Amino acid sequence: MTILIRVVQPKDAERIVTIMTQESVLPTIIATPSMRFQDFEQHLQNLGENQHQFVAEENGVVVGFASLTRNKERRGHIAGLSLMIDQEHHGKGIGRRLMEKLIDLADNWLLIERLELTVVAGNDRAYKLYERAGFVKEGVLKGTIIQHGKFVDEITMARFRPGGLIKSS
């Protein structure tokens with residue numbers, strides 16, 4: 001399996017929305033079943049300078065999506081991350097590859113010191129991926145996600161590296 005990680009393009013919107021609304025993906029992200037690809041396409045056409053988004057592609061088909069959004073001003077050393085993988089490709093290392101791409105961007109190009117994300121409680125596969133990438137649990141947001149008609153918690157996680165990679169001489 002050859003996976004290409006590349007910058008997202010507006011033409012990817014329909015495939016990304018298809019992934020978002022898959023039965024095993026939708027409950028783990030902040031989206032609704034009525035998500036329209038035209039809205040997401042417009043979002044991709046209007047990305048700001050602090051929004052960095054990538055897709056994982058296998059044989060020309062998008063199978064994963066990842067996003068890094070840098071905060072502004074006094075929180076400019078912080079970025080939020082998100083990612084999702086096509087349900088047929090879970091467990092194949094695609095999430096790890098996308099996470100590596102985001103961390104490389106943060107560490108080596110943007111000098112981000114703190115990466116933040118949330119994971120829906122019960123999404124153990126994602127939680128373990130984030131732990132392996134150096135994220136630690138910081139807290140629980142009670143009942144912040146509606147999932148199958150119930151309120152579900154989000155776990156906040158972060159990877160904090162004061163000073164980043166800058167070494168003093």
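Biologist: How much space lies in the largest pocket?
Modeller: This is a predicted model, where local features need pLDDT of at least 70, side-chain atom pairs count only at pLDDT 80 or more, and totals for chains, interfaces and linings use all residues. Residues are numbered from 1 along each chain, and side-chain values use heavy atoms, without hydrogens or water. A pocket is an open set of 1 Å grid points where a 1.4 Å probe fits, with protein on both sides within 12 Å along at least five of seven lines. Filling this one with probe spheres gives a volume of about 890 Å³.

Biologist: Which residues lie nearest the centre of the largest pocket?
Modeller: Its lining counts 41 residues, each with an atom within 4 Å of a point. Helix 2 (37-45) and strand 3 (61-70) are among the elements giving two or more of them. Nearest the centre you'll find Thr28, Ile29, Leu83, Met84 and Tyr130.

Biologist: And how many residues in that lining are nonpolar?
Modeller: The lining of the largest pocket also has 15 polar and five charged residues. The nonpolar ones number 21.

Biologist: What is the volume of the second largest pocket?
Modeller: Its lining has 14 residues, with Leu26, Pro27, Ala31, Ile146 and Gln147 nearest the centre. They split into eight nonpolar, five polar and one charged. The volume is about 220 Å³.

Biologist: Where do the buried residues of helix 1 fall?
Modeller: In helix 1 (residues 13-20), Ala13, Ile16, Val17, Ile19 and Met20 are buried (under 20% relative accessible area). Looking down the axis, they fall within an arc of 155 degrees, so they line one face of the helix.

Key: Helix = DSSP H or I, 4+ residues; strand = E, 2+ residues; numbered from the N terminus. Nonpolar A, V, L, I, M, F, W, Y, C, P; charged D, E, K, R; others polar. Buried < 20%, exposed > 50% of the residue type's maximum accessible area, 1.4 Å probe, protein only. Arc of directions from axis to C-beta.
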